[in-house]
Amino acid sequence: MALEAHSAARGAIPRTAKPPPHPGRWQRWKRSEAFAAWLFLLPSLVGFLVFTAGPVLAAAVISLLDWNLFSPPSFAGLGNFARLGSDPTFWTALGNTAYFTFVSVPLTLLVSLGTALLLNHGLRRMAIFRSLLLLPYATITVAVAFVWIWLYIPHDGLVNSVLGLVGIHGPAWLVSEGWAMPALILMSVWKSFGFGMVIFLAGLAAIPQQLYEAARVDGATPWQSFRKVTLPLLSPSVFFTVVTSVIGSFQVFDQALIMTDGGPGARTTTLVMYIYQTGFENYDQGYAAAQSLVLFAFVAVITGLQFLAQRRLVHYDV
Amino acid sequence: MSSTQPARPAWLSPRPGRHSPGLGRHSPGPSPAGLSRRALLRGGAAALGAVAAGGALGGCSAGPPPGTATWSMWSSSPQEQAVWDDFGRYVERRMKVRSVSTLTPSEGYPTKLDLQLVSGTASIVTALNGWLIPTYASRGAHRPLDDLIADDPDFDLSDFYPAIRSISSFGHKTYAIGFDVAPTVLYYNRTLLEKNGIDPPSPTEPMSWEHFSELAVELSRKPDQYGFTCAPAIDDLVSWIYSAGGNVMNEAQDAGALHEPEALEAIGFVVDLFVKKKAAPPISNLVTEDALANFLQGNVAFMQNGPWQVVNVRKAPFEWDIVPFPAGPAGSRPRVSGSSFAIPSGVGGDELKLAWRLLKTLTSTGALNIYARAGRNNPARRSAGSAFTPPPRNLGIVQDILAGRLPHAGGHPFDVTTNWNRVRQLLGQDLPRAFLGQVSVADAVGGLTTRLDVLMRQHQDALRQAGG
């Protein structure tokens with residue numbers, strides 16, 4: 001009794017009350033924010049593993065096989081990759097894809113940026129214009145492609161009719177060897193510039209107005225303000241748009257399939273279209289997988305180079 | 001912590017008065033609404049688990065129960081859908097089992113079927129376009145039916161036209177049973193011919209190429225009026241090649257034959273109608289170019305097509321009919337094509353018995369009567385032929401040609417290889433440039449001959465592997 005009284009007097013825990021159990025590592029982990037974060041990431045992670053990483057790994061395995069879907073596969077080693085070197089259609093498709101990418105991406109970027117700058121200059125009812133200009137991006141490619149097929153009809157299509165008004169005899173667009181790819185690019189730029197426009201509008205809104213005021217006080221012309229203030233501070237948006245556009249352009253498929261089916265000749269056969277034909281029309285799964293991996297490598301290298309360039313060209317600080 | 005830091009969500013706020021070692025401020029606690037982080041996480045995890053389990057169960061339990069008559073077919077319009085619905089009801093009435101049809105638009109049908117066959121989820125009976133039968137048969141995707149036919153005294157194969165029996169066979173084995181078969185014919189716009197003072201062509205005697213070309217050119221003299229239309233694709237071109245005595249491949253099927261004079265003459269004849277004589281509507285694109293749509297506009301005199309388009313041409317706002325395909329140097333020998341039902345290789349045991357019963361039902365005279373009565377196409381069975389009735393007035397020539405009753409108008413089975421997809425792709429890529437006037441026929445064919453030879457050698461390899 002004397003001891004208990006003494007203990008109580010010292011503020012110690014009464015003997016009858018058990019001290020709280022010391023939580024184990026698992027308990028601590030379960031209660032941590034990291035656990036919560038992982039749990040919330042889990043659906044995306046499972047999705048990534050099942051639908052992205054898994055197929056990439058499967059493609060890597062299949063690329064080593066000779067497999068026509070129905071017969072048992074046989075090991076082909078690196079034979080499918082060796083075939084790429086002597087396959088003219090593959091190189092044509094790669095060239096067409098590069099042509100599409102290196103023309104459509106800068107064009108899309110310019111149109112997006114130009115539109116964003118116009119909209120950003122105090123245009124009234126900007127939300128309406130922004131929504132209207134974003135509509136093509138929100139519309140599915142298949143529908144857009146069918147509409148553009150009609151627009152491109154050589155004799156009385158809208159495009160050539162409009163050109164005719166200013167005395168230009170328009171080409172046969174989708175069946176012309178020289179104009180089929182530019183026709184696809186034009187349609188793709190129209191379809192996708194809205195995405196870049198929204199990104200640029202967000203970037204422009206984040207630029208502090210004080211910088212422009214300071215530049216004006218220093219006597220900067222509008223062009224100098226644009227070059228020295230807008231462009232550097234917009235560089236993260238430009239970088240993001242370029243990276244995503246390049247990746248998307250290397251995967252161009254649906255509009256080419258619907259509007260030209262790769263023709264005339266193989267002038268608009270893109271790499272993904274050729275991969276699809278190889279895998280699902282020619283039943284050559286191993287070779288298609290090898291092509292996919294090469295495309296993956298191309299995109300990875302180009303994206304890597306863009307990230308390297310980012311260090312010098314992209315400015316995240318004011 | 002800066003005073004401007006945004007407030008934490010309530011459910012992440014620390015629970016007051018509870019000792020939480022190692023967690024500090026981030027320990028779970030009840031929100032004002034009473035929802036703790038742990039409760040939310042538990043709820044979220046449970047919901048995720050339920051979704052995953054539901055998905056897994058749903059995936060595992062997908063598909064009708066055993067004993068269901070499952071069959072796959074392409075279908076691209078409500079009219080086609082109606083016919084297949086009637087088929088389904090017929091199957092249920094006759095077989096006293098549930099019928100489940102998987103209908104897919106025709107463009108995507110082969111790809112979907114491939115994936116279903118590989119994943120073992122295909123129906124027990126699948127429809128096949130005739131030109132795909134060697135492709136599937138040589139890869140072992142479908143089973144030969146000869147044993148089932150031999151064991152079934154009720155099944156009379158002789159009721160089917162020889163052409164569809166040939167189309168449905170591979171390596172002297174029957175891999176499928178047909179449901180339609182027909183030669184390509186020539187549709188003509190009677191109203192347009194009358195307007196131009198031209199008598200309708202004979203329904204029994206094919207026009208010569210020369211006469212046909214003269215008529216086509218004559219009818220193209222007026223602005224926005226054309227003599228002829230067809231698709232700039234091998235499927236249409238091949239009828240001219242056969243009628244010239246040529247083929248896509250040689251007789252041994254080990255080399256291409258498009259560079260032979262007969263084939264070059266045929267391709268040149270059609271290309272000239274487009275490029276030099278301007279007797280065909282100009283090609284505006286290579287994907288949706290549609291000969292039928294051109295014909296239905298009413299300003300085109302002749303269209304080559306199969307009788308499967310009869311049902312669509314019946315909507316035309318003008319008088320029209322069909323006549324035999326024009327006769328070239330080798331006569332009138334248009335492509336004869338057809339479609340069939342087959343049984344995937346993976347079907348066995350009791351399911352195989354059900355599949356065979358289903359296949360017999362789907363290709364029975366009763367079912368094909370439904371098909372022909374709806375005007376879909378000429379039925380593969382002679383006994384169902386009377387259900388495919390006019391209009392047009394000359395519809396009977398389809399069966400006359402198949403039966404060899406017209407002395408100067410015949411047909412040629414569509415000769416295809418085990419890799420016809422690739423051959424089609426090659427020709428589809430290179431030949432249209434000649435139709436567009438971008439290269440000469442000789443250059444177009446010359447540019448693809450080596451690759452066509454390679455494909456023919458690969459076809460031979462596939463034949464050897466299938467035989468061995």
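Reply: Happy to: in this predicted model, α14(B) is followed by Gly375(B), whose phi is positive, near 80°. Residues are numbered from 1 along each chain as its sequence is written, and local features need pLDDT of at least 70, with side-chain atom pairs counted only at pLDDT 80 or more.

Me: Which residues of α14(B) are called buried, and what do they pack against?

Reply: Buried means under 20% relative accessible area with a 1.4 Å probe, protein chains only. Ala367(B), Leu368(B), Asn369(B), Ile370(B), Tyr371(B) and Ala372(B) are buried. They pack against α2 (78–95), β6 (177–183) and α13 (349–362) of chain B.

Me: Why is Arg433(B) with Glu177(A) called a salt bridge?

Reply: The rule asks for a side-chain nitrogen of Lys or Arg within 4 Å of a carboxyl oxygen of Asp or Glu. In this pair the closest N and O atoms are 2.4 Å apart, so the term applies. The rule finds one salt bridge across the interface of chain B and chain A.

Me: How do you know that chain B touches chain A, and how many residues take part?

Reply: Contact means heavy atoms within 4.5 Å. By that test, 34 residues of chain B are in contact with 41 residues of chain A. The two chains bury about 3,400 Å² between them, 61% of it on carbon and sulfur atoms; this is the accessible area (1.4 Å probe) lost on being put together, summed over both.

How values were computed
Chains are lettered from A and ligands numbered from 1 in the order in which they are written. Side-chain values use heavy atoms; hydrogens and water are left out. Buried means under 20% relative accessible area, exposed over 50%, partly exposed in between (1.4 Å probe, protein chains only). Helices (H or I, at least four residues) and strands (E, at least two) are DSSP runs, numbered from the N terminus.
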